[in-house]
Structures are given as structure tokens and as C-alpha cells.
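Please look through the report below with the sequence and the structure at hand.

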Amino acid sequence: MEEFLRSCRRTLQENLDRAGPDVHVVLGNEACDVDSMVSAMAFAYFLFKTAGGDSLVLPLMNIRQSDLALRSDIVFLLRRAALPQHLLLFRDQLDLRALRRAGRLRLSLVDHNVLPSSDADLEGAVVEVLDHHQAERKPSPTCPVTVEMVGSCATLVTERIIKEAPQILDQQIALLLYATVVLDCVNMAAAAGKVTPKDSCYVAELEARFPSLPPRGALFQELQKAKLDVSGLNMEQMLLKDMKAVSGSLNIAIPVIYLPLEELLQTAELEEELSAFCHKSGFDLLLMMTISFTDREEPIRELAVFSHSSTCREQVSSYLQRAQSPALGLSPAPCLHPLISAFHQGNAVASRKKLLPLVQDFLRECDGAGCLGDAEEEPAVPPTPTNSLVDGCPLDGGLPRITVEELRSKFDDL
């Protein structure tokens with residue numbers, strides 16, 4: 001893997017500034033967690049070894065290089081696998097749009113099956129999908145789609161390699177894949193609700209092929225400790241550490257916060273920090289899933305909904321409380337912050353992967369029925385953050401017959 005990554009950077013540099021072969025990029029999702037990173041690296045290596053042709057195949061980390069420090073579990077795993085960080089290629093180091101304009105870009109998506117709206121102009125370059133989230137893309141003659149709801153996308157990559165090119169597996173690649181599945185499936189514990197028979201099958205297969213892999217329990221504990229370590233991070237960094245975003249009538253960020261809900265709500269100047277983040281990043285609402293673990297490694301998941309608009313906050317909260325596929329089992333949690341609605345989550349196995357489709361369904365219903373325009377209220381004036389110029393939320397007045405852009409313009413003039 002190390003030599004492959006070195007050759008990727010070297011060959012890319014030689015071909016980037018002149019007409020050359022297609023560049024086949026394997027891209028994980030925008031959260032760029034361990035699963036996205038390892039799946040991109042291992043699947044790109046598989047394609048490089050098996051695809052043939054003149055394309056340059058390379059894995060691209062879907063974050064800026066400077067954000068790698070926020071992925072403490074990734075940093076730990078790279079060190080554990082003896083892979084130098086500087087060999088990775090990051091989103092801000094490769095202009096995908098320039099390659100697309102030149103007709104040289106081919107995209108394989110791993111750990112997601114639909115590009116976010118910010119990358120919609122790259123859609124025509126997608127040639128293959130390998131994912132374990134809810135299917136939102138249909139296969140086509142030019143784009144085969146493999147979507148299976150297993151615990152980890154790395155399981156599907158492992159399956160593909162073992163079935164089609166088992167000879168390319170070595171100790172280093174096996175460790176990367178093995179660690180990822182064990183982490184995603186919470187040490188293969190059935191109580192966590194993540195593991196499937198296929199995940200267990202390929203973890204056992206890797207253990208049989210590479211008996212010197214570290215014991216899964218010890219490896220999980222090491223990775224989990226690294227993943228949950230938010231010491232030294234400020235609020236913005238904690239939000240960015242593991243965040244996904246969806247958009248429609250609202251721009252909604254869904255970060256995973258590795259703190260108990262009670263501890264998050266006790267953060268000094270929390271509302272001011274969240275206001276500053278939304279203003280800087282253009283989000284209307286934050287749907288924060290906090291996660292901690294019991295002594296038996298069982299997850300505790302809770303939700304905190306932040307928005308300056310009480311309409312947006314209440315409608316999102318109400319929708320999630322009524323949701324049945326899955327039912328989240330939400331019950332109000334004590335919260336002294338007026339701009340935050342907090343909830344205990346009775347269904348602790350409903351991870352963000354299961355929450356995300358609910359939010360997307362909510363936005364689709366709003367876009368179709370204009371539900372955000374049903375409530376009439378005066379725009380709330382939020383507390384002015386010490387490090388932000390946020391003056392109000394344009395969505396507090398709903399969306400009656402005018403666009404979000406017109407609303408923003410209207411309130412900007414106030």
C-alpha cells in the first residue's frame with residue numbers, strides 16, 4: 001500500500017499539468033471517517049491491481065489536509081499500520097472540477113452512493129458505487145451500483161478483494177480493513193446493532209488468513225479510545241470532526257459529538273459557539289448526535305437540535321419524535337439553552353446512518369408541502385456571539401411564497 005500511494009502522487013504530478021490519461025478517483029464521503037478513508041484506499045488499490053487500461057487510479061480523502069488532525073482514530077490507525085500521513089491525497093490538493101472539464105475524470109464512490117449537492121457538477125463522472133447506506137441511486141449501464149446494508153463499507157471492499165483478487169492482500173491492507181470493520185461494528189457486539197453476518201464472516205476470514213492480526217478486542221479499545229478523544233479540540237473542531245450535511249429548504253449539519261449530552265450542554269458559551277459555526281458555515285440548523293459508551297461497550301446516543309428559528313427547531317424535533325422507520329424513542333432531556341431542544345434517544349442502536357434518511361425525508365416533505373411556511377412568527381433575535389456577526393435567522397418567518405434567497409436578502413437589509 002505504501003508503494004502504491006507513493007506512485008499515485010508521483011504519477012499524478014507527472015500527468016496533471018499536461019494532457020494525459022484519465023484520472024480514476026476513488027472518493028469516500030464528506031465525513032471522511034475511518035471507513036471512508038480505508039475503503040477509498042483499499043478499493044483504489046484493488047482497481048489499480050485489477051482494472052488495467054491507461055487510467056491513473058488514486059484514493060482521495062474527502063477533507064482538507066488540515067482537517068486530518070481532527071480524525072484522531074485515522075491518525076492512530078495510520079500509525080498502527082506504518083503508513084506515513086504525507087502519502088495521502090486530500091480534497092484541497094486535487095482539482096476535480098478541472099479534471100472534469102478536461103474530460104479526464106472518472107469517479108468511484110465508496111461509503112456513499114449519491115454526491116452531495118456541492119458536488120452535483122461531478123455527477124456525470126461517476127462510474128461505480130460501493131456503499132452500505134440506504135440506496136438513493138439506481139444502477140445504470142455506465143454505473144454499476146453495489147449497496148448492501150452491512151455494518152461497514154470496508155466489509156464490501158474486503159469481499160470484493162477476496163472474491164476477485166485475494167493475492168493482493170497483505171498484512172498491512174488486512175490490518176486496515178480488519179480494524180475498520182471491528183471499529184464500525186463496535187467490536188462485533190450484537191447489542192450495538194451494527195454487525196451483520198457478512199461483517200462477521202469477513203472479519204473471521206481476515207483472522208484466518210492473517211493470524212498475526214491483533215486481537216479484535218484490544219484493537220477496538222485502542223481505536224475507540226483514539227476516536228473518542230476530543231481533548232484539546234474547540235467546539236468548531238468537535239463539530240467538524242465527524243459531520244455530514246444535507247440541504248433542501250434548510251441547510252442542516254449532522255455532526256456526531258463524542259461527549260455525553262449532559263457534558264455538551266454544560267459547555268461554556270455553547271449557544272454563542274454554535275451560532276458562530278452556523279454563520280461561518282451557512283447552516284440553518286444543527287442536529288447533533290452525542291455518543292458515549294457504557295462499561296459494556298453499549299452505545300448511549302442522544303440528540304441536541306440547535307437553530308435560531310423556533311419553527312425549524314420544533315418541526316425537525318417533532319418529525320423525529322414521530323418517526324417510525326426507525327423509531328428513535330426520543331424523550332425530552334433537561335436543557336437550559338433556549339435555542340436548543342435536547343432529547344434522550346431510547347433506540348440506542350439508531351446511529352447517524354439511520355438518522356440521515358429521516359432528515360432527508362423531512363426535507364423532501366418540506367420542499368413538497370411548504371411545511372416550514374405554516375407557522376407565522378416574528379424573527380427571533382439570538383444572543384450576539386462574541387466571535388460572530390450573526391444577527392438573526394431568515395427562516396424564523398417561514399417560507400411563504402418566496403425563496404430562501406429572497407428571505408435572506410430581506411433580513412440582510414434590516
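## Residues in loops

Glu 269 is placed in the loop between helix H10 (261-265) and H11, where helices (H or I, at least four residues) and strands (E, at least two) are DSSP runs, numbered from the N terminus. Although Glu 269 is not a glycine, it has a positive phi of about 55°, and at 48% relative accessibility it counts as partly exposed; buried means under 20% relative accessible area, exposed over 50%, and partly exposed in between, with a 1.4 Å probe and protein chains only. The model is a predicted one, in which local features need pLDDT of at least 70 and side-chain atom pairs count only at pLDDT 80 or more, while totals for chains, interfaces and linings use all residues. Residues are numbered from 1 along each chain as its sequence is written, and side-chain values use heavy atoms, with hydrogens and water left out.

Val 186, in the loop between helix H6 (171-184) and helix H7 (197-209), also has a positive phi, of about 50°, although it is not a glycine. At 7% relative accessibility, Val 186 counts as buried. A further loop, between H12 and strand S10 (330-332), holds Pro 326, which is joined to Ser 325 by a cis peptide bond with omega of about 0°.

Helix H8 (residues 216-227) has 12 residues and reaches 16 Å from its first C-alpha to its last, close to the 16 Å expected at 1.5 Å a residue; the expected span is 1.5 Å times one less than the number of residues. Its buried residues are Leu 219, Phe 220, Leu 223, Gln 224, Ala 226 and Lys 227. Seen down the axis of H8, these buried residues fall within an arc of 160°, so they line one face of the helix, the arc being that of the directions from the helix axis to the C-beta atoms.

Helix H12 (residues 310-322) has 13 residues, which should span 18 Å at 1.5 Å a residue, and its end C-alpha atoms are 18 Å apart, which agrees. Among the buried residues of H12 are Cys 312, Arg 313, Val 316, Tyr 319 and Leu 320. In helix H11 lies Phe 277, which counts as buried at 3% relative accessibility. Phe 277 and Glu 236 are 41 residues apart in sequence, and their C-alpha atoms are 6.4 Å apart in space.

## The largest pocket

The largest pocket has a volume of about 1300 Å³. Of the 45 residues that line this pocket, the closest to its centre are Glu 30, Pro 116, Ser 118, Lys 244 and Ala 245. On a 1 Å grid over the protein atoms alone, a cavity is a set of points where a 1.4 Å probe fits but cannot get out, a pocket is an open set with protein on both sides within 12 Å along at least five of seven lines, and lining residues have an atom within 4 Å of a point. Grid points are joined across faces, edges and corners, and a volume is the space filled by probe spheres set on the points.

Domain 1 (1-226) and domain 2 (232-369) both give residues to the lining of the largest pocket, so the pocket lies between them; the domain bounds come from an automatic or database domain assignment. The largest share of this lining, seven residues, comes from H13. By class, the lining holds 14 nonpolar, 14 polar and 17 charged residues, where Ala, Val, Leu, Ile, Met, Phe, Trp, Tyr, Cys and Pro count as nonpolar, Asp, Glu, Lys and Arg as charged, and the others, Gly among them, as polar.

## The cavities

A search of the whole structure finds three cavities of 30 Å³ or more. The largest cavity contains about 480 Å³ of space, and of the 30 residues that line it, the closest to its centre are Asp 33, Asp 184, Lys 194, Lys 227 and Asp 242. Its lining divides into 12 nonpolar, six polar and 12 charged residues, and because domain 1 and domain 2 both give residues to it, the largest cavity lies between them.

The second largest cavity has a volume of about 70 Å³, and the residues that line it include Cys 32, Asp 33, Arg 71, Lys 227 and Tyr 258. Three nonpolar, no polar and six charged residues make up this lining. Both domains give residues to the lining, so the second largest cavity also lies between them.
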